[in-house]
Protein chains: 2
Amino acid sequence: MATLKDVAREAGLTVTTVSRVLNNRGYISEDARKKVADAMKKLNYRPNEVARSLHSKKSNTIGVIVPHIRHPYFAEMISNLENAAYKKGYKILLCNSQSTKERAEEYIDICNSNRVAGLIICSTDVPVDIFSGMDIPVITIERALDNATASVVCDNKSGGQLAAERLIKADCKKLLYLGSSSSVEMPAHQRGTGFKEICENEGVPCIEVDPEEASYNNMTYNEWLETVMKEHMDADGIFASSDIIAAQAIQVCRKLSIHVPEDMKIVGFDDVVLASLTTPQLTTIHQPIKEMAEIAINLLDDAAKEKLVAKQTILPVFMVERETV
Amino acid sequence: MATLKDVAREAGLTVTTVSRVLNNRGYISEDARKKVADAMKKLNYRPNEVARSLHSKKSNTIGVIVPHIRHPYFAEMISNLENAAYKKGYKILLCNSQSTKERAEEYIDICNSNRVAGLIICSTDVPVDIFSGMDIPVITIERALDNATASVVCDNKSGGQLAAERLIKADCKKLLYLGSSSSVEMPAHQRGTGFKEICENEGVPCIEVDPEEASYNNMTYNEWLETVMKEHMDADGIFASSDIIAAQAIQVCRKLSIHVPEDMKIVGFDDVVLASLTTPQLTTIHQPIKEMAEIAINLLDDAAKEKLVAKQTILPVFMVERETV
DNA sequence: TATTATATGTCAATCGTTTAACATATTTTC
DNA sequence: GAAAATATGTTAAACGATTGACATATAATA
């Protein structure tokens, strides 16, 4: 690969001058600009980002830490993060913690070793205190982390309330909240809080059941769901904390000959593509994933440029009515 | 962040000696090893990968180019690639071409600028001749590329045959093959070839219809499917070239009051999680995504180490019988 | 005792780019 | 005609790690 030196030689200029046109510093004539452009094209020159990063002590890479990639919510999130990052000239270093603390920590070390410009954390496995003394921006998405630079969440509580109101309006008499496996405090817990709050206000009994961590890890909730539903045969409404759980709940209902939505109404959370591929199609709370991703990248970019950024951004959610209520 | 120099000072040794223990070269005493380990721990030292990459002229990063991330097949593929890469000490630079040639090329430039150790191409948007003169391994997955170092595919033709045989065995009299939008020659086309071959042999009429590129890009095939099915109301069997198409075909059947599998039998391709979340659950051809990903990473690693690698690896597929046939 | 193996040090170059400091032109403006 | 602006060059250090060449010292072995 051609280096700056080669370009300088080809253009009949010095590296200093070439570097000046590349970085647009100091006085440069149109003539010099043209010569450099020609030489670059001729040699198919591309600046070595590694050398640049070494010198500037930071790369234009963003480390994105997620607990899963296969999970449709995270796939959607990663997709939107990549797109927003690309537009701003950042690259994505994909870090899959696989829901383990060890791997999350290992990946944070790797990100540090590679001098990433910042970190986006979508995972609960990251130890809370790991960022003290870290001098790069750390943005969390749907994750509470004290030392983070900024956090982006959706209005989880309101989402839970919306779900409860809808189910109660549909005349449900006994509700089930299918929560998350995480023991760590996280914003998604507010979905349950909001849900139960409304249930209590309206006097509708509501039971929360949380899956095992193993279910989350391999995305199969079937067995757990079957046990839960058999235990609560009198329930007539479900609020699932994710669409993937809701989709499997539909399958389990079918297995147990419970008709959705006649005998059982279901509301999901996320509104990923899957929600319109189930039968019946899933009524769910729409999480503005695209906007959350864009905001996260913007926050990171701003923070990296030493701008002042909002400590927390809460985005609204809304219900998408399909066929399960 | 602490540097090698700091570690050397802390350990009371020179950078040369410290570098020697880090890279395990030459003579080193146990005493020195311990001193270095202690100093590293005390300073929380992590070697600067950027500097290493600059010196060695290559990073341990792999560029993964996909046309989509949200697409369940690619999400699954990326997930498995990441896992295999992690085990071998590689990082993933995630490149989403968004099905455009421009962005694919741009990302290849970025990968080059960042001196990636190699490239994994899962996308058809990459110009065939771009790799001439590239000195890093390029592994393709389900993509024909003349200049690639190696390619990994599943037995697409056999998958198509399996699907045809199954549908004909189920007494289908007129079949539809829902192909791909890609105009570029790619291994997945063999799915149709195998399928049509059997249909012809068995004397069962079969029509191929290909979606618009737009459908592929936003993953919504509904409208197109509705037109197709209305045009071919006499068809009683469908082979879809991906599960995502098959899942939407199920939805469209429901909309048109066509019962699956009674009036219409459907076979998908890929066997991603989605396949067991549709109603009825999807009978599909299982593509060994995990194995393909692992082999691709191994090939890349071997090729990077100048080992001789297989030019093409074809993995078997099999049918997963669920409920749509 | 001489020789070899073991262990560490010194020094400096290299990877490719950036950048500060300073020198030296030519051109423009007051 | 002097001062200022414009344009480019020279030189060298810096980013952090690696590595080759060579020197030196101690320990083990013949």
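This is a predicted model: local features need pLDDT of at least 70, side-chain atom pairs count only at pLDDT 80 or more; totals for chains, interfaces and linings use all residues.
View 1. Residues are numbered from 1 along each chain as its sequence is written, while chains are lettered from A and ligands numbered from 1 in the order in which they are written. Helix H2 (15-23) and helix H4 (49-56) of chain A, together with helix H2 (15-23), helix H3 (30-43) and H4 of chain B, each supply at least two residues of this surface, and H2(A) provides the largest share, five residues. Helices (H or I, at least four residues) and strands (E, at least two) are DSSP runs, numbered from the N terminus. By class, the surface near DNA strand C has 11 nonpolar, 12 polar and four charged residues; Ala, Val, Leu, Ile, Met, Phe, Trp, Tyr, Cys and Pro count as nonpolar, Asp, Glu, Lys and Arg as charged, and the others, Gly among them, as polar.

**View 2. The side of chain B that touches chain A.** In chain B, 39 residues are in contact with 38 residues of chain A, contact meaning that the C-beta atoms of two residues, placed from the backbone, lie within 7 Å. Helix H5 (72-87) of chain B is among the elements that each supply at least two residues of this side, and H5(B) gives the most, with six residues. The class counts for this side of chain B are 17 nonpolar, 13 polar and nine charged residues.

**View 3. Strand pairing between the chains.** Strand S2 (residues 91-96) of chain A pairs with S2(B) in the antiparallel sense over three bridges, pairing being assigned if DSSP finds at least two bridges between two strands. Within this pairing, A:Ile92 stands opposite B:Leu94 in S2(B).

**View 4. The open sheet of chain B.** Six strands of chain B, in the order S7-S6-S8-S9-S10-S12, form an open sheet with mixed pairing, and its edge strands, S7 (206-209) and S12 (318-320), each pair on one side only. Strand S6 (residues 175-178) of chain B runs parallel to S7(B) and is joined to S7(B) by four bridges, with B:Ile207 as the bridge partner of B:Leu176.
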